[in-house]
Amino acid sequence: MTPSPGKRSGGISRSGKGAGRIAYCGLLAALALIFSYIEVLIPFNIGVPGVKLGIANLVIIVVLYKLDWKYAMGVNIVRVIVAGLLFTGAFGALYSLAGALLSMVVMALLKRTDLFSVTGVSIAGGVTHNLGQILVASFLVSDLRMFIYFPVLIFSGIASGAIIGIISWLILKRLPDLS
Amino acid sequence: MIMFKKADIFLTIGLIIIGLAMTWFFASGKTDPELLRVSVDGEVYGTYPLSEDRQIDVKQAGHTNKIIISDGTVAMAFSTCHGQDCVKSHAISKSGEQIVCLPNKVVLDIEGGEAGYDSVSR
């Protein structure tokens, strides 16, 4: 079976086999999960729910740039569900999943435009992650006043997105090509 | 590969502007004035703004309750009931708080204003 050109450009599987992909996804999801764990370990609370560093996004961004968005999406979903069940409970997973999916889509689209650097993509990801979470939160408590938190979450999203983006940039510079 | 591109800076500035605009919007948004609602036997007897000091006499079915609003707090000053629990209860001032006089079926509660948030799961 000959892999299609589109598959080759983004994929790591030289022969078109799925096993390599799955192995890579599992490895990266485990790495992202460890980052989630470190996130939980760091006592960082300024009183507004949802404000965090989001270091697991580091892995997601590296995957997004070194492989492609499908890997990043897969790793992200596995990471969020497992981390949610392990650390924050089912509702925590629900918030994170909404944030993760929204930020994933936005980051993939922004990356595709080629207008933004890693830092910009990461900033957009950080802010939209918070947006996704607050949308679910205000839906769950059916109260739009949750959005009173949103300005704080925009600023924290910009800050953490910028930090994670710059670190990702440093990593991506040094990391050899994975494919 | 470069660390920043022009579009990143525009994006960041745009987001900061949205954030500031929302902050300004929320800060300038007026909260509803807090109102005292007096109900007798489930029916609304009247609503009164907390901002105005006043005394309210509720006379019904041979019962009398005197309510005093002063400095934004509401207290039951006098009641013809036996228990006098309502008179002893603390003055209320925040949205959602209540004073109840069960024998006279008089309920005072405060509505409007900014409700205190319950804790939200992380």
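Which residue in S5(B) is the bridge partner of B:Lys66? The partner is B:Phe78. This is a predicted model, in which local features need pLDDT of at least 70 and side-chain atom pairs count only at pLDDT 80 or more, while totals for chains, interfaces and linings use all residues. Residues are numbered from 1 along each chain as its sequence is written, chains are lettered from A and ligands numbered from 1 in the order in which they are written, and side-chain values use heavy atoms, with hydrogens and water left out.

Strand S4 (residues 63-70) and strand S5 (residues 73-79) of chain B run antiparallel and are joined by six bridges; two strands count as paired if DSSP finds at least two bridges between them.

Chain B as a whole has two helices and seven strands, in the order α-β-β-β-β-β-α-β-β from the N terminus. Helices (H or I, at least four residues) and strands (E, at least two) are DSSP runs, numbered from the N terminus. Of the 122 residues in chain B, 29% are buried, where buried means under 20% relative accessible area, exposed over 50%, and partly exposed in between (1.4 Å probe, protein chains only). Taking contacts in chain B (heavy atoms within 4.5 Å) between residues at least 6 apart in sequence, 33% join residues at least 24 apart. A further positive phi, near 55°, occurs at B:Lys105, a residue other than glycine. B:Lys105 sits in the loop between strand S6 (98-101) and strand S7 (106-111) of chain B, and is partly exposed with a relative accessible area of 48%.

In chain A, helix H3 (residues 56-66) is largely enclosed by the rest of the structure, because ten of its eleven residues are buried. Among them are A:Asn57, A:Leu64 and A:Lys66. The cover over the buried residues of H3(A) includes helix H2 (18-41), H4, H5 and H6 of chain A.

Helix H4 of chain A holds A:Leu97, which counts as partly exposed at 23% relative accessibility. Leaving aside neighbours within four places in sequence, A:Leu97 is in contact with A:Val80 and A:Ile81. A:Gly84 is 13 residues from A:Leu97 in sequence and 8.8 Å from it in space, C-alpha to C-alpha. In the loop between H4 and H5 of chain A lies A:Asp114, which has a positive phi of about 65° although it is not a glycine. A:Asp114 is exposed, at 58% relative accessibility.

Where the two chains meet, 25 residues of chain A are in contact with 22 residues of chain B. The area buried between them (accessible area, 1.4 Å probe, lost on being put together, summed over both) is about 2,300 Å², with carbon and sulfur atoms giving 73%. Helix H4 (69-113), helix H5 (118-140) and helix H6 (150-174) of chain A each supply at least two residues of the side of chain A that touches chain B. The largest share of that side, eight residues, comes from H6(A).

Note on methods. Buried area = accessible area lost by both parts, 1.4 Å probe.
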